Amino acid sequence: MGRMILFLTLFSAMAAASGGDLVLFEKGRLHGALKSAAAVRDGKLVFRTSDATKLILAPPAPDLSRYDRLDMTFTASRGGDSYRFTMTSNPPGSTVWNYYFAPVNTIGAQGKQTVSVDLAGMHASRKPVGRDRIQTLEFNFVGWNMPYKKGLVLEIEKIVLSEAVRPETAAKTPAAPAASAKELVLFENGKLNGVLKCAAKIKDGRLVFRNSDAVKLKIAPPSPDLARFDRFEMVFSANRGGDGYRFTMTSNPEGSASWNYYAAPQGVIPSAGKQTLIIELDRVSVSRKPAGRDKIDTLEFNFTGWDMPYKKGLVLEIEKMRLFSTGRPDAAAADRAAMEKALAGAGKQALLLPSAPWIPVPDVSDRKFWNAKSKTVFFRNLEKHARRALEAQAAPPPVDHYLDFLRNGNRSRYEKAYRPLIRHYENLTMALCVTADRDKYLGKWREFNKVLCGMATWVLPAHDSKLDNLLMRRPHIELVGSQVGAVMSTAAVLLKPYLSKAELDMMDKAVKRQIVTPLVETALGKRSKDWFLVSTNNWNAVCTANVMQILLAVELPENTRRNAFAFLLAHAGNYLKGFNSDGYCSEGISYWSYGFGHYLRLASVVRSASAGRIDLMRFPMARLAADFPEKFMLSRKDFFPAFADCGFTAGLGDAVLFMRDRLLGRCPGSDERIATGMLPQLAVWCLPPDGKEGTGPDGLERISAFRETGVFVFRHPDEDGFVFACKGGSNHELHNHNDVGSYSLAFPRSRTVLGDLGGSVYTRDSFNANRYRNPLLNSFGHPVPVVGGALQDAGPGTDSRILSFYSRKDSARVVFDIRPAYRGTPGIRKLERSFQFDFSGRGKVTIADAAELAEPRTFETALTTFGKIVREGDHLQAEYEGRRIAIAVETFGVPWNLSFQVINAETRWKDTPRRYAVVLNGMHKNPRITMTFEPSENQKGTGI
């Protein structure tokens with residue numbers, strides 16, 4: 001027996017040292033040790049999930065660093081079960097589970113199959129000691145939010161580890177980067193792998209870059225094919241924080257005269273000191289016409305341009321730069337590919353659009369159409385607005401007000417004069433159409449028309465920081481300017497029977513100078529793309545809808561018209577790429593209404609103009625995004641969580657929902673009660689009923705889950721019970737706030753009592769490196785923990801993780817790992833936040849924070865509200881607008897105080913934003929705070 005053990009030990013050592021494949025199991029023979037309930041029978045390793053939830057093997061030797069793949073051939077009793085493969089690598093004496101993990105996978109079908117695991121692409125969790133010290137290989141069938149049920153049987157025939165390059169072929173293979181490599185190190189330990197293309201130098205093992213020597217950090221990779229990588233990582237120390245940067249990858253076709261590139265969203269160096277920056281390469285935008293991510297010329301960090309404030313003196317000391325593949329599945333990739341393939345046929349689609357000027361409704365001479373509109377709710381509302389327009393002065397906003405933004409960042413003074421000018425122009429246009437009363441309205445309309453035609457630019461000063469538009473050097477297309485162009489070009493066709501040739505020529509000249517000519521030149525490659533074309537946020541939808549309406553309405557040569565249509569349609573789907581694959585809109589409900597509302601208007605107008613042959617709602621992501629409000633709303637269409645740059649009381653307009661439901665065949669009924677602005681109103685009127693039965697969401701779900709994003713909404717069935725939304729998310733979202741772990745707690749038909757307070761009034765600093773100095777946008781103004789006085793970090797790498805989620809008849813609970821949001825704060829070993837919603841009574845919410853710190857620190861959990869909170873012993877009472885909530889605080893024997901501060905930021909709501917916090921006395925290594933919220937009618941208590 002002793003000799004047999006010695007033989008097996010020698011065999012294991014030889015198998016580990018000899019190179020090539022390492023067979024762990026084959027033909028009934030196990031090489032290594034079985035660590036879970038399974039048995040060898042008839043030459044197969046039989047594993048049942050009713051006996052164990054993990055199949056665990058210990059390899060014959062711990063050094064698995066040279067193997068890049070595991071293959072397991074087996075017969076499954078059924079398909080559909082989820083599993084995650086892990087490799088444990090624990091430091092001696094470790095009390096936690098340190099491991100490498102692959103993405104969650106699924107057994108494809110019943111019967112015989114082989115699954116493969118990419119070992120080289122696995123992630124590290126906690127602090128594994130290395131792939132040369134592996135204790136166990138594990139197939140886990142439970143945990144990580146995977147649905148688990150007993151009864152799965154695997155009959156395993158073979159488990160084998162294999163190397164990337166076999167010893168017998170290595171000598172014949174030229175020395176070159178392997179196409180299947182999962183990592184490319186560009187700089188580490190003082191060695192540069194590639195070519196430096198800027199003023200920087202290697203000193204003391206670090207790559208030192210100073211923006212006083214160069215405004216771009218540029219490196220040419222050793223090989224241009226970077227298509228297999230989805231993440232860039234840079235470890236560096238900065239001498240200061242607050243500098244904005246933009247990461248780009250240039251990819252220029254041969255002979256190109258312009259800069260063709262991929263661009264990541266603008267980022268900000270958060271603070272001085274050592275940090276890690278992460279760029280998600282699969283979320284970069286395309287600018288102009290890059291040749292592809294397999295033909296990358298340079299990787300660049302730009303510290304100037306894109307309206308970023310620039311100042312000299314930044315020094316980066318870079319320790320490591322690498323590209324790698326995370327191996328994660330891209331849930332939205334198939335939808336994006338289908339959408340891009342469909343839009344690649346934009347040239348054919350352009351042939352389906354009218355060759356002559358077209359608008360969504362008949363012009364003013366069709367009195368049958370317009371007289372019918374005098375009986376609608378729209379006209380009843382329009383009459384009072386038109387009266388105000390008749391009384392208003394038609395004057396351009398002062399140029400001095402335009403310069404406010406450049407001088408001091410103020411946006412409001414110019415916009416307060418400019419936006420009413422646009423509204424009056426729209427209302428007078430529609431009043432002329434409905435009433436045909438030229439004596440009453442036409443004279444005043446001409447005053448406003450002349451003012452708008454004579455303005456140097458229609459662009460907002462906040463979008464013209466270099467004054468290229470005001471000085472007419474290089475007009476570019478943006479939100480409000482494109483809206484004015486769409487209104488004016490549509491008005492020219494609507495009112496043509498009333499207007500002189502000189503007036504029509506003046507309008508045509510203004511629209512073409514500010515909108516049409518820049519777009520046509522861009523389509524011909526004579527001009528770089530405006531940002532809206534490549535943007536994945538509301539800019540893309542808003543500007544595309546407006547510009548499409550302009551192109552449809554103006555006179556253009558036929559070839560120019562077709563090319564412009566095709567160019568615009570080819571970029572029309574970029575907006576949908578900004579949604580997560582679960583349909584979540586990280587911009588918040590205000591921007592869903594604005595951005596997706598314009599996408600719906602675009603879809604309505606294009607469908608009508610093409611006689612139903614172009615359907616921009618056919619994409620799965622468009623349909624998923626369309627149902628975002630019903631999944632996100634707390635109750636009805638007027639009550640939503642105020643996450644991101646959202647108004648505290650943001651709701652939905654009837655026109656947006658009407659267009660959505662009619663485009664999706666839900667037949668929402670008559671349009672006579674819809675009343676909105678000029679452009680969406682015309683889009684509503686151009687959609688004929690389709691006669692189908694309603695197929696929209698039937699009531700609100702008890703629980704709505706956006707699992708990819710980590711947002712959950714809970715709704716008590718009682719009409720006076722709690723409604724509650726919580727979010728994990730990340731601090732790298734569109735219109736981002738640093739709000740990982742935030743929530744909103746309210747009652748149906750009532751405003752939020754506790755939780756997220758919504759967006760701040762926009763200033764110059766709202767979208768530059770100073771954004772998170774605003775306490776309403778950083779985590780200070782959100783109901784989240786503060787650890788050792790440190791707030792949350794912004795940018796990539798701050799993604800929370802869902803550790804667990806369950807839903808039962810009487811309760812539901814979700815647990816988030818929110819530690820990544822504090823990645824810049826060293827010594828946080830664990831930071832978890834759980835939310836539990838109990839459906840008993842009128843509802844109860846429990847929020848628990850638990851941390852493990854390397855050394856004792858202060859710890860607090862904030863409560864944010866527009867109301868007031870008072871303390872009664874170990875309880876709190878919160879009240880806002882007559883609605884009261886009792887809060888039981890549990891700190892597990894640690895004394896605590898209730899702090900109070902007014903949040904010093906200008907909100908979009910009338911009341912004062914307040915921040916209260918449960919602050920633990922002293923410093924702690926394992927702080928815990930649990931708060932339980934229940935409806936209350938108690939009005940007692942003393943304020944602070």
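Helix α19 (residues 654-663) has 9 of its 10 residues buried, so it is largely enclosed by the rest of the structure; buried here denotes under 20% relative accessible area, exposed over 50%, and partly exposed in between, with a 1.4 Å probe and protein chains only. Helices (H or I, at least four residues) and strands (E, at least two) are DSSP runs numbered from the N terminus. The model is predicted: local features need pLDDT of at least 70, side-chain atom pairs count only at pLDDT 80 or more, and totals for chains, interfaces and linings use all residues. Residues are numbered from 1 along each chain as its sequence is written, and side-chain values use heavy atoms, with hydrogens and water left out.

The buried set of α19 consists of A655, V656, L657, F658, M659, R660, D661, R662 and L663. These residues pack against α16 (589-609), α17 (620-626), α18 (628-632) and α20 (678-685), where a contact means heavy atoms within 4.5 Å. Just after α19, G665 adopts a positive phi of about 75°. Helix α20, one of the packing partners of α19, is itself mostly covered, with 7 of its 8 residues buried. The buried residues of α20 are M678, L679, Q681, L682, A683, V684 and W685. In the loop between α18 and α19 lies A644, which has a positive phi of about 65° although it is not a glycine. A644 is buried, at a relative accessible area of 4%.

Two of the buried residues of α19, R660 and D661, also take part in a network of salt bridges that links D627, E630, R660, D661 and R666. A salt bridge is defined as a side-chain nitrogen of Lys or Arg within 4 Å of a carboxyl oxygen of Asp or Glu. Side chains of opposite charge can pair when their charged atoms come close. A search of the whole structure finds 48 salt bridges.

The side chains of R322 and E183 meet in a salt bridge with an N to O distance of 2.8 Å. R322 belongs to strand β28 (residues 315-324) and E183 to strand β15 (residues 183-188), so the pair ties together parts that are 139 residues apart in sequence. R322 is buried, at 17% relative accessible area, whereas E183 is partly exposed, at 38%. A salt bridge also joins the side chains of E558 and R562 (3.8 Å, N to O). Both E558 and R562 lie in helix α15 (residues 558-570), 4 residues apart, about one turn of the helix. E558 is partly exposed, with a relative accessible area of 47%, while R562 is buried, with a value of 14%. In the salt bridge between K727 and E733, the closest N and O atoms are 3.5 Å apart; K727 and E733 are both buried.

The loop between α10 (438-454) and α11 (479-494) contains T457, which counts as buried at 4% relative accessibility. Leaving aside residues up to four places away in sequence, T457 touches Y402, N469, L470 and Q514. T457 and H476 are separated by 19 residues in sequence and by 9.6 Å in space, C-alpha to C-alpha. M472 is also placed in the loop between α10 and α11. M472 has a positive phi of about 55° although it is not a glycine, and counts as partly exposed at 48% relative accessibility.

At the level of the whole protein, there are 20 helices and 45 strands. The radius of gyration is 31 Å, close to the 30 Å that the globule rule gives for 944 residues, so the protein is as compact as a globular protein of that length. The radius of gyration is taken over C-alpha atoms, and the globule rule is 2.2 Å times the number of residues to the power 0.38. The C-alpha trace spans about 110 × 75 × 60 Å along its principal axes. Of the 944 residues, 55% are buried. Among contacts between residues at least 6 apart in sequence, 74% join residues at least 24 apart. The protein exposes about 39500 Å², of which carbon and sulfur atoms supply 50%; accessible areas come from the Shrake-Rupley method with a 1.4 Å probe, and for residues only the protein chains shown count as cover.
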